[in-house]
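Please keep the sequence and the structure in view while reading.

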Amino acid sequence: MTKRVVALDIGGTFVRSAIVDGDGACGPIHRMKAPNFLGSPRADRSRLQGELVALVARSVTDVAIEAGLEAPLVVGISFPGPVDRSGRVVSAPTLWGAGAAAFPLGRRLKEKLNSAHVVVVNDITAAAWYYSDLVTAKRFCVVTVSSGIGNKVFDRDHPRGVLISEDGYGGEIGHVTVDDSPDAPICDCGGRGHLGGIASGRGLERLARKRAARECGQHPESPVLAVAARNPDAITNEEYLVPAIRAGDDFASSVLEEATRPLVHCLATMALGIGIEQFIFIGGLALSIGEPYLETVRRIWSERASYHMWDERPDTFFVLGRSGDEPCLVGAGMVALRHYAGGSGL
């Protein structure tokens, strides 16, 4: 049986690829821009899908050649949206926007990559399998805070491990409506007031720009508002919000708290409903902010989740994924190897 797999993590912004071995070790990572709908007409969805298939196929070939792998290749792909058991993408709002039809990504890639065994799973499903080898909690939840919001619950007593339905749904809390106001932010999927349009990295930027327009004079020391005074649309997570939050900037920190509050409410509902023992935060925004992100989550939790069972909860109830890890990328490789060997993981 093969011990190495070509793994790819398709995100809303980047596609990353590497060789993953049977022990979960990851080789050098190659990163490319993902073709997404931002700045592209919605009518170009089929073109974007074709570009993605071509990019992934090219990347698989390049990585395999570089690693000296020969056919038959095993390919594991993590994808930022619900995926059914056949590898069909049900929706992909961070890549293709609202209303795109289901897309048979697994089948298209198998056609493109002759003699390849291709397994496509949701990215957080892959991450949950990755963390199942690293944490001791019996039932835990992985939450990604990145271009969008997503989650997966892993239950060691469940035959499939990750709790999802046959058609790929489960863990899509990013599409829970948390704001019913008529001017609520619009999610990438087209829904108004969805959690993913508010608590995600894209949501944080939109909220900061909106608030900056009316609060420029209230925090004169804030570097974020100094930028906003010139051009609110120039506020970005990478350049301004994340460094400001890490530095304790009052304005940026209050924006993070406002954006994160509905996410914590959803997590409290989940914890009460099915009994979560630990939440693990991953994703570009949460991990780049680091401990200040967890501090914000814990502060909101302590204010709102006052049920007596949580009075003695240790700080380990909320944790960050390990910095530098590649849970979605490595997890996709792990699931592909398990599937190739006839095991579970889908």
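This is a predicted model: local features need pLDDT of at least 70, side-chain atom pairs count only at pLDDT 80 or more; totals for chains, interfaces and linings use all residues.

Which residue of β8 does Val 142 stand opposite? Val 142 stands opposite Ile 280 in that strand.

**The open sheet of four strands**

- An open sheet is formed by four strands, arranged in the order β7-β6-β8-β9, and their pairing is mixed.
- From one strand to the next, the twist averages 25°.

**Strand β6 and its two partners**

- Strand β6 (residues 139-145) pairs with strand β8 (residues 278-282) in the parallel sense, over five bridges.
- Within this pairing, Phe 279 in β8 is the bridge partner of Cys 141.
- Strands β6 and β7 run antiparallel and are joined by seven bridges.
- Asn 151 in β7 is the bridge partner of Val 143.
- Strand β6 is mostly covered, since six of its seven residues are buried.

**Strands β4 and β5**

- Strand β4 (residues 73-79) and strand β5 pair in the parallel sense, with seven bridges between them.
- One of the residue pairs here joins Phe 79 to its bridge partner in β5, Asn 122.
- Strand β5 (residues 116-122) is mostly covered: of its seven residues, six are buried.

**Helices α1 and α3**

- Helix α1 (residues 45-67) packs against helix α3 (residues 105-112) at an angle of about 50°, and the two axes are 10 Å apart.
- The two helices α1 and α3 are therefore oblique to each other.
- The crossing of α1 and α3 is right-handed.
- On the α1 side, the residues that meet α3 are Gly 50, Val 53, Val 56 and Ala 57.
- On the α3 side, the residues that meet α1 are Leu 105, Arg 108, Leu 109 and Lys 112.

**Helices α7 and α8**

- The axes of helix α7 (residues 237-246) and helix α8 (residues 250-274) cross at roughly 100° and come within 8 Å.
- Helices α7 and α8 are therefore roughly perpendicular to each other.
- Leu 241, Ala 244 and Ile 245 of α7 make this contact with Ala 252, Ser 253 and Leu 256 of α8.

**Val 56, a residue of α1**

- Val 56 lies in helix α1, and it counts as buried because its relative accessibility is 0%, where buried means under 20%.
- When residues up to four places away in sequence are not counted, Val 56 touches Leu 8, Ile 10, Ile 77 and Leu 109.
- Val 56 and Met 32 are 24 residues apart in sequence, and their C-alpha atoms are 9.7 Å apart in space.

**Val 6, a residue of β1**

- Val 6 is placed in strand β1 (residues 4-10).
- Val 6 is buried, with a relative accessible area of 0%.
- Apart from neighbours within four places in sequence, the contacts of Val 6 include Ala 18, Ile 19, Val 60, Val 63 and Ala 64.
- Further contacts of Val 6, on the same terms, include Leu 69, Val 74, Val 75 and Gly 76.
- Val 6 and Glu 166 are separated by 160 residues in sequence and by 25 Å in space, C-alpha to C-alpha.

**Asp 188, a residue of a loop**

- Asp 188 is found in the loop between β7 and α5 (201-215).
- Is Asp 188 buried or exposed? Asp 188 is buried, because its relative accessible area is 12% and buried means under 20%.
- The side chain of Asp 188 makes a polar contact of 2.6 Å with the side chain of Arg 202.
- Leaving out neighbours within four places in sequence, Asp 188 is in contact with Phe 37, Pro 93, Thr 94, Gly 97, Ala 98, Ser 147 and Arg 202.

Notes: Residues are numbered from 1 along each chain as its sequence is written. Side-chain values use heavy atoms; hydrogens and water are left out. Buried means under 20% relative accessible area, exposed over 50%, partly exposed in between (1.4 Å probe, protein chains only). Contact means heavy atoms within 4.5 Å. Two strands pair if DSSP finds at least two bridges between them. Axes are lines fitted to C-alpha atoms, for helices over the stretch in contact, and angles run from 0 to 180 degrees between N-to-C directions. A polar contact is a pair of N or O atoms within 3.5 Å; within protein, one must be able to donate a hydrogen and the other to accept it, and residues adjacent in sequence count only if both atoms are side-chain atoms. Angles under 35 degrees count as roughly parallel, over 145 as roughly antiparallel, 65 to 115 as roughly perpendicular and the rest as oblique. A crossing is left-handed if the near helix is turned anticlockwise from the far one by less than a right angle, and right-handed if clockwise.
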